[in-house]
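Subject: Structure handover

Hello,

Here is the structure I promised to pass on. Please keep it open while you read the notes below it.

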Amino acid sequence: MSTPLILGRNNYTEISNSIIKPIKNKASKLWWISFICSLMAFIWGGICILYTIHTGIGVWGLNKTINWAWDITNFVWWVGIGHAGTLISAVLFLFRQKWRLSINRSAEAMTIFAVIQAAIFPIIHMGRPWNAYWVFPIPNQFGTLWPNFNSPLLWDVFAISTYFSVSLVFWFIGLIPDFAMIRDKIKNPFKKKIYNILSFGWGGDLKQWQFFEKVSLLLAGICTPLVFSVHTIVSFDFATSVIKGWHSTIFPPYFVAGAIFSGFAMVQILLGIMRKLLKLENFITKKHLECMNLVILVTGGIVAMAYIAEYILAWYSKNPFEDFIYFSSNAAIGPFWWAFWALIICNMIIPQLLWVKKIRTNYLWSFLIAIFINIGMWFERFNIIVLNLSHDYLPSSWVGFFPSFVDLGIFIGTNGLFFLLYLIYIKSIPVISQSELKTILKKN
């Protein structure tokens, strides 16, 4: 007998009341503690960003050889985290997977918030963020100067902005029926007016639902290729270069699999937080947990195979410059051995615990393993960037890297902003689509 997707004796009214309760009621003490911690982290990061803009990126740990480091590591990491949201929302919607219904809203919000964090790093890495509009194909004060369309860095701008725009529209369209539900149930006149505007006059008649289904299907079809294109283009930042260890055709599929791997792990973390804060245990069940962990196992296996392929190709080529890339024997025993083994333990060893059913259906174990996976994926991006750049073709260019307090502060600040946005979101917007959830109530 399969595990049900909804627990307890629920009817349509109880589902609506359970989902709207966190919005109508006052926030719990645990929510406020989480909010204050996130706010403090965000303020610290904001101060570090202002200090960077005022002083220059020389306050980071960069040097003459490693001019990409902590910032681009965080950029690729955040873009990867934002990947799973569209996969859950669009791809699983097209395949009519019912287990997505309780988790897709959090995944969609995660996409929006993660891409916002990712966008921060390239902008401040420019050194002159007030000139950021130069990357867009618009006339500027230099007259005929236009962006270099041959640069993969420019491809990033178009890919990520398109991804963000479509994901935002897809997320908002799905919220309209829930905004109408809140509008009809809430008593506060000010909030009622706000939700009335957001619901766009939704009445729930048959014709509106038909249009809603068509638009959702169309947007899901548009979003699906974006799942594969965005992180493929991010990988081109590396693959189109001539730097050892980066010039690799395996990077696009490898980056996509890694992005889904880390993105699903972050969804697990957010669901663990939301499930306890909002008391939605009846709607986020072991079935959801197991399905997501199975996806993590599959994508984690693809990532592990990419690691092995990278090592074998570097070894078989007998190229001496390949002896110190992010996945080589020298990386395991060199000055960055700690980052290499953090990658191996967190990405290849710990996820294997999910083969055990008791572990992959356990809330605490899934939460902890998801944290380790995201730590490991961060170290993977760190190894790809810093290890490859730290040993250039000339021994005179072999240098180390140590993050400054500003590097650490900005990273902590983006994490604080991410969770701050998520906490505000779960307190003001339905985290589960009550209309979609009701469609499977009788099928459990």
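N383 lies in helix α14 (residues 363-390); helices here are DSSP runs of H or I with at least four residues, numbered from the N terminus. N383 is buried, with a relative accessible area of 0%. Buried stands for under 20% relative accessible area, exposed for over 50%, and partly exposed for what is in between, using a 1.4 Å probe and protein chains only. A polar atom of the N383 side chain lies 3.2 Å from the backbone oxygen of A339.

A word on the source: this is a predicted model, in which local features need pLDDT of at least 70 and side-chain atom pairs count only at pLDDT 80 or more, while totals for chains, interfaces and linings use all residues. Residues are numbered from 1 along each chain as its sequence is written, and side-chain values use heavy atoms, with hydrogens and water left out.

Next, the aromatic rings. The structure holds 43 aromatic pairs. Rings of Phe, Tyr and Trp (its six-membered ring) pair if their centres lie within 6.5 Å; planes under 30 degrees apart are stacked, over 60 edge-to-face, and the rest tilted. In the pair of W78 and F418, the ring centres are 5.0 Å apart and the planes stand at 45°, so this pair is tilted. Because W78 is in helix α3 (residues 70-81) and F418 in helix α15 (residues 405-428), the pair ties together parts that are 340 residues apart in sequence. W78 and F418 are both buried. Both also belong to a cluster linked by ring pairs, whose members include W70, W77, F336, W338 and W378.

Two arginines lie over ring faces. R96 is over the face of F93, 4.7 Å from the ring centre, and R275 is over the face of Y363, at 3.6 Å. The criterion is that NZ of Lys or CZ of Arg is within 6 Å of the ring centre and within 35 degrees of the ring normal.

Regards

Methods: Helix = DSSP H or I, 4+ residues; strand = E, 2+ residues; numbered from the N terminus. Polar contact = N/O pair within 3.5 Å; in protein donor to acceptor, adjacent residues only side chain to side chain.
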